[in-house]
Amino acid sequence: MSVRIGRHEVGTGLPVYVIAEIGLNHNGELDLAKRLIDVAAEAGCQAVKFQKRTPELATPEHMKDVPRETPWGTMSYLDYRRRVELSRDDYLEIARYADLRGLDWFASPWDEPSVAFLDELDVPAFKVASASVTDVPLLRAIAATGKPVILSTGMSTLEEIDRAVVTLGTSQLLLMHATSSYPMPAEEANLRTIDTLALRYPVPVGYSGHERGLQISLAAVALGAVAVERHITLDRAMWGSDHAASLEPQGLEHLVRDIRIIETAMGDGVKRVFPGEEAPKAKLRRVLV
């Protein structure tokens, strides 16, 4: 089973598809978004992902007037959401720049107009955030584009995922096991769910992580995750809700490096004597057959 996303085929037995989640860590600044695209490209990722909202629709009603302390002063949560949204021209430049750096780019739309916006920009795929698993009208709008879909499954029951999978279809679907804690403690990773999802649905399964460090993401690859998504930042101390659970440039480089080592080390499962064993065998084995 595999899914074609942009330049890459993603599935079992293929190179792990590494997605650098920029999300809102650009803080509404195009230059910062481009610096993060550079970080992803230099680390060896295959894709960068953003979040796209129509603030008036995607912000919950009870949150709109809640005060938020920001680097730009105190403002309502709705105004903060407006402040960190990138413009159409920004996204056109992001599309151009990501392509220049050899990366696929796409985003998680949080409302139906954002689906139309991204489709008009001809993204190669759509990402469904865990928060949107139960938003059936949004899922239907995404499915209607006919594009591949990456579905995160955090904060969701199997029954909720079942309904989302039925709505989206399985022909171009990639599921991502996720736990929506920021940052996620190890005891909530529940990595064996990767196998649970793979047995339940006829689609490839990856992992979207919000933990500190690399160990859990690397374990997910060893357990069969065909894609790994991690938030990235220039500095975890930067202002914003996702920076603390993000990887800095060196951490991202190490993640991609170690994923490729694990891929090589997994082998094909055929037991054999390797060339490097022949000298120790001749030297140490008393009984030859």
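1. First, a term. Helices here are DSSP runs of H or I with at least four residues, numbered from the N terminus. Note also that this is a predicted model.

2. The largest pocket has a volume of about 680 Å³. Its lining takes its largest share, three residues, from α3. At least two residues each come from β4 (47–52), α2 (55–58), α3 (77–83) and β12 (227–231).

3. In total, 33 residues line the largest pocket, and Gln51, Arg53, Arg81, Trp110 and Ala131 lie nearest its centre. The lining has 13 nonpolar, ten polar and ten charged residues.

4. The second largest pocket holds about 420 Å³ of space. Of its 22 lining residues, Thr12, Gly13, Gly224, Ala225 and Val226 are the closest to the centre. Helices α8 (193–200), α9 (215–222) and α10 each supply at least two lining residues. By class, this lining has 16 nonpolar, four polar and two charged residues.

5. Helix α10 (residues 249–266) also packs with helix α1 (residues 30–43): their axes come within 8 Å and cross at roughly 30°. That makes α1 roughly parallel to α10, because angles under 35 degrees count as such. The crossing is right-handed. On α1, the contact uses Val39, Ala40 and Ala43; on α10, it uses Pro249, Leu252, Glu253 and Val256. Six of these residues are nonpolar, none polar and one charged.

6. How many cavities of 30 Å³ or more does a search of the whole structure find? The search finds one. The largest cavity contains about 60 Å³ of space. Its lining includes Tyr80, Asp242 and His243. By class, three lining residues are nonpolar, five polar and one charged.

Technical notes
Residues are numbered from 1 along each chain as its sequence is written. This is a predicted model: local features need pLDDT of at least 70, side-chain atom pairs count only at pLDDT 80 or more; totals for chains, interfaces and linings use all residues. Side-chain values use heavy atoms; hydrogens and water are left out. Axes are lines fitted to C-alpha atoms, for helices over the stretch in contact, and angles run from 0 to 180 degrees between N-to-C directions. Angles under 35 degrees count as roughly parallel, over 145 as roughly antiparallel, 65 to 115 as roughly perpendicular and the rest as oblique. A crossing is left-handed if the near helix is turned anticlockwise from the far one by less than a right angle, and right-handed if clockwise. Contact means heavy atoms within 4.5 Å. Ala, Val, Leu, Ile, Met, Phe, Trp, Tyr, Cys and Pro count as nonpolar, Asp, Glu, Lys and Arg as charged, and the others, Gly among them, as polar. On a 1 Å grid over the protein atoms alone, a cavity is a set of points where a 1.4 Å probe fits but cannot get out, and a pocket is an open set with protein on both sides within 12 Å along at least five of seven lines; lining residues have an atom within 4 Å of a point. Grid points are joined across faces, edges and corners, and a volume is the space filled by probe spheres set on the points.
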